[in-house]
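The exercises below are meant to be worked with the sequence and the coordinates side by side. Try each task before reading its solution.

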Amino acid sequence: MRLSSLADYAVVLMTAAAGHCGARGLIDGPKARQNARQLSEETGIKLPTAQKLLQALARADLIETVRGAGGGIRLARPPATITLAQIVEAVDGPIAITNCIETRGHVCAIEQGCSVKPHWFVVNNAIRDALDAVSLADLTRKPAAQMPLDSTMKTQNNAPNMMEKA
């Protein structure tokens with residue numbers, strides 16, 4: 001499973017916006033408001049893409065936009081109350097690992113006799129819960145250590161087999 005590029009960029013924009021919040025994650029303060037151009041320059045996300053994403057984030061009530069002098073974009077709530085799942089869903093819609101998770105009409109040739117379909121709900125909920133457990137405040141903290149995914153997999157694949165005799 002992979003997030004869309006737009007969802008990834010939305011997380012980057014929200015993290016940048018959270019970095020401009022006042023002390024303790026308050027949404028007011030002299031640096032709390034940024035405009036799309038500033039966030040675009042700060043993150044490296046092209047301005048038209050940033051504007052499109054900021055509109056989607058505003059529709060999801062994750063950011064507020066204020067027009068005019070002193071206006072700009074700010075978080076609608078403190079970063080600790082905004083989750084990664086909410087940001088992803090604002091851009092990509094409901095998290096659904098397979099088509100049969102979605103309640104909207106979809107076509108599946110094997111749906112009638114599928115024995116796996118009920119299990120996808122469990123997997124999907126686990127993924128959504130994991131994304132919901134990460135707040136925007138968590139994303140603004142520096143991670144303890146960074147390990148690329150392929151390094152993690154190599155480590156797991158090279159681990160000694162516990163079933164082998166010494």
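**Exercise 1. The overall layout**

In what order do the elements of the protein chain run from the N terminus on?

Solution. The model is a predicted one, and the first step is to list its secondary structure, which comes to 7 helices and 2 strands. Read from the N terminus on, these elements follow the order α-α-α-β-β-α-α-α-α. The next step turns to burial and contacts: of the 166 residues in the chain, 29% are buried, and among contacts between residues at least 6 apart in sequence, 66% join residues at least 24 apart. The accessible surface comes to about 11300 Å², with 54% of this area belonging to carbon and sulfur atoms.

**Exercise 2. The faces of helix 2**

Determine which residues of helix 2 are buried, and why they line one face of the helix.

Solution. Helix 2 spans residues 36–43, and its buried residues are Ala36, Leu39 and Ser40. Seen down the helix axis, these buried residues fall within an arc of 105 degrees, so they line one face of helix 2. In general, an α-helix has 3.6 residues a turn, so residues three or four places apart point the same way. The face turned away from the buried side carries the exposed residues Arg37 and Glu41. As for the partners of the buried residues, they pack against helix 1 (5–18), helix 3 (47–59) and strand 2 (72–75).

The ends of the helix complete the picture. At the start of helix 2, a side-chain oxygen of Asn35 comes to within 3.0 Å of the backbone nitrogen of Arg37, while Gly44, just after the helix, takes a positive phi of about 85 degrees.

**Exercise 3. Two residues compared**

Solution. Gln34 is found in the loop between helix 1 and helix 2.

With a relative accessible area of 23%, Arg128 is partly exposed.

How values were computed. Residues numbered from 1 in each chain as written. Predicted model: local features only at pLDDT ≥ 70, side-chain atom pairs only at ≥ 80, totals over all residues. Heavy atoms only, no water. Helix = DSSP H or I, 4+ residues; strand = E, 2+ residues; numbered from the N terminus. Buried < 20%, exposed > 50% of the residue type's maximum accessible area, 1.4 Å probe, protein only. Contact = heavy atoms within 4.5 Å. Areas by Shrake-Rupley, 256 points an atom, 1.4 Å probe, with all protein chains shown as cover. Arc of directions from axis to C-beta. Polar contact = N/O pair within 3.5 Å; in protein donor to acceptor, adjacent residues only side chain to side chain.
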